Amino acid sequence: MGSATLCTGVDVHFSIPYPSHSTKFSSKPFSVRCNSSSSKSPPKSQPKPTLSDSDQTHPQSPPLSEQLKPLSKTILTGDISGRPHLVSKPKSTWINPTKPRPSVLSLQRHKRHNYSYNPQIRDLKLFAKKLNESESESDDEGEFLAVLEQMPHPPTRENALLLLNSLKPWPKTYLFFNWIKTQNLFPMETIFYNVTMKSLRFGRQFQLIEELAEEMISTGIELDNITYSTIITCAKRCNLFDKAVKWFERMYKTGLMPDEVTYSAILDVYAKLGKVEEVLSLYERGRASGWKPDPIAFSVLGKMFGEAGDYDGIRYVLQEMKSLGVQPNLIVYNTILEAMGRAGKPGLARSLFEEMVGSGVVPDAKTLTALVKIYGKARWARDALELWERMRSNGWPMDFILYNTLLSMCADLGLEEEAENLFEDMKKSEHCRPDSFSYTAMLNIYGSGGNVDRAMQLFDEMSERGVAINVMGCTCLTQCLGRARRIDDLVKVFDVSLARGVKPDDRLCGCLLSVVSFCEETQDVNKVLSCLQQANPKLVAFVNLLGDKKIGFETIKEEFRSILTDTAVEARRPFCNCLIDICRNRNHLHERAHELLYLGTLYGLYPGLHNRTAEEWCLDVRSLSVGAAHTALEEWMATVSKIVQREEALPEVFSANTGTGTHKFSQGLANACASHVKKLAAPFIQSEEKAGCFVATREDLVSWVQSKIISPATVV
């Protein structure tokens with residue numbers, strides 16, 4: 001096996017369609033606008049009344065709400081909990097060029113407050129520092145108020161605002177703000193609320209922010225763009241996306257136009273909700289209003305398309321930036337690179353990286369980590385190693401995550417020598433010494449390559465250097481020692497790991513179970529089962545139950561279901577594979593192996609095992625162990641034999657797909673299945689067109705069946 005991972009996750013990318021962009025933002029007199037519409041839309045319910053009259057549209061500008069009514073009624077409403085499917089081809093709506101669409105945002109950012117010079121600033125700054133350094137807690141209001149009595153100057157409007165803006169911990173900012181209100185020295189203004197909300201945003205205190213916003217509404221204090229932007233961004237940080245949408249809608253209802261900062265923030269909210277259509281509609285409306293998106297907005301779009309694995313969307317974002325003359329910054333490049341990785345485009349990611357370096361943008365550790373992950377996933381070992389050399393020669397920043405990502409890639413690709421060089425480089429580094437994950441990657445490499453002595457040396461080195469071993473490292477070492485039949489060392493490593501705080505998980509239990517499956521000596525089996533007993537006593541009891549011939553199938557079925565219920569989803573199939581292997585290696589338990597395969601299929605552990613078309617029947621055993629694959633092949637042959645005897649219709653071709661290991665140290669099923677097919681004298685031959693695939697014609701298989709009747713319980 002290539003690594004200690006017991007099952008392989010399937011990386012599935014869903015491409016979400018979205019309206020075509022080929023006619024967007026045209027500079028010609030006429031334009032085509034694509035909108036999703038329905039001629040029979042259900043009537044909308046009236047919005048609930050708000051806390052005050054300030055929620056109503058301003059009487060002095062009634063045309064605005066009417067102009068924005070299509071936006072607030074169609075794009076910004078509806079259930080935000082789900083992810084509706086996008087229509088593939090929205091209906092086109094003709095737009096009269098003489099009547100341009102109303103603007104949906106203000107093209108000028110909200111002006112920041114200009115602080116006037118305060119001659120008392122030095123004393124107040126020192127007092128604010130004293131407040132920040134005080135040990136008073138958020139709920140100790142009396143002590144905080146006592147410190148306020150020492151204020152060097154009277155709390156005028158300017159002094160209070162300066163102090164409020166200088167306080168760092170959000171509880172103190174909130175206490176000081178409430179204290180100012182109780183003094184009634186001057187009327188509270190929007191800026192005081194904005195400064196307080198920004199401090200609360202750092203503490204992710206959305207509930208307090210919303211309470212302040214409701215207080216502003218009830219007292220008639222104006223909410224400006226900064227207020228709304230702070231509320232929306234805090235809701236976004238707290239993953240309260242429905243709240244962010246609610247407050248964004250309220251802006252339009254009160255007649256306030258969002259500026260580009262608020263607009264970019266709400267784009268990100270809709271993107272995180274997966275509402276691609278709404279994001280594109282808002283983007284188009286903003287562009288039609290003359291908005292020139294900044295790199296942050298493009299980063300939002302790129303991340304949205306990347307998470308969907310939508311390469312066409314990523315390409316659209318790059319084209320938009322180029323057409324508008326927006327130079328990507330480091331954040332945008334990092335986002336687009338990660339998106340390229342999700343879309344499975346390593347070549348384009350490499351080209352984008354070269355473009356980034358050529359434009360003078362220096363990559364950071366996040367950039368390089370993303371690129372290494374892309375190369376590793378694509379198995380581009382040479383490119384990844386060349387990138388590492390460029391990092392060293394150019395002095396690009398490297399952190400723990402980047403080093404460990406490179407080591408993990410070497411483990412996946414079986415690059416033992418390269419990993420050793422990288423590991424030694426880490427040891428010489430002043431800031432990135434090998435940690436637990438670094439040692440685990442090396443244990444994985446040595447374990448996969450069968451380098452038992454070097455793996456044990458590394459384990460001893462971890463003890464000497466005080467590096468904690470984690471459960472993954474213990475699993476890698478257990479697998480390595482088990483395959484080398486060094487059971488005593490395995491027991492030692494297991495006991496030491498438990499003594500050092502390792503808590504066995506399902507992966508480690510599955511690894512111990514796999515060691516049991518290929519142990520030949522009863523004494524070794526008992527030693528490994530004693531380790532497994534400490535980790536999962538219920539699993540050991542089930543193994544013993546399988547060996548009792550007096551136990552019926554229904555009991556095995558119930559106990560096996562109980563085992564699966566207590567097991568993590570990703571470990572259930574490996575458990576079943578190992579249990580089948582254990583039964584296969586005990587000659588008197590072959591019937592149990594067939595029962596377990598049936599139960600595994602019944603409980604959905606092998607969903608793609610059988611694939612049938614009119615022309616071909618295929619047995620896909622790539623997710624099975626060797627013993628389970630042999631059992632599945634026997635079951636399949638028995639089923640085909642019965643069909644032949646009943647003279648039912650058969651396809652022209654039969655195929656068995658074992659797959660081919662891409663790891664340097666992988667031991668695929670092809671050789672084992674080829675030996676078993678030869679043992680059965682079945683007419684399957686290795687396909688010349690596809691490696692790891694065995695094929696047989698209908699005529700050959702029928703002739704074989706007629707010459708030999710196969711019983712699944714008796715075939716060995």
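Contact here means heavy atoms within 4.5 Å. This is a predicted model, in which local features need pLDDT of at least 70 and side-chain atom pairs count only at pLDDT 80 or more, while totals for chains, interfaces and linings use all residues. Residues are numbered from 1 along each chain as its sequence is written, and side-chain values use heavy atoms, without hydrogens and water.

Colour the chain by pLDDT, the predictor's confidence in each residue, from 0 to 100. The chain mean is 79, and 80% of residues reach 70 or more. Select residues 1-94: pLDDT stays under 50 there, and the model has 148 contacts beyond four places in sequence for them.

Next, select Phe-176. Leaving aside neighbours within four places in sequence, Phe-176 touches Phe-144, Leu-148, Met-151, Ala-160, Leu-163, Leu-164 and Leu-167.

Now go to helix α24, residues 487-499. Helices are DSSP runs of H or I with at least four residues, numbered from the N terminus.

Select Ile-487, Leu-490, Val-491, Val-493, Phe-494 and Ser-497 in α24, which are buried (under 20% relative accessible area; exposed is over 50%, with a 1.4 Å probe and protein chains only). These residues cover an arc of only 165 degrees around the axis, so they lie on the same side of α24; the arc is that of the directions from the helix axis to the C-beta atoms. On the face turned away, find the exposed Asp-488 and Ala-499.

Show α22, α23, α25 and α26, which are among what covers the buried residues of α24. Finally, just after α24, select Gly-501, with a positive phi of about 95 degrees.

Terms used
Helix = DSSP H or I, 4+ residues; strand = E, 2+ residues; numbered from the N terminus. Expected span 1.5 Å × (residues − 1).
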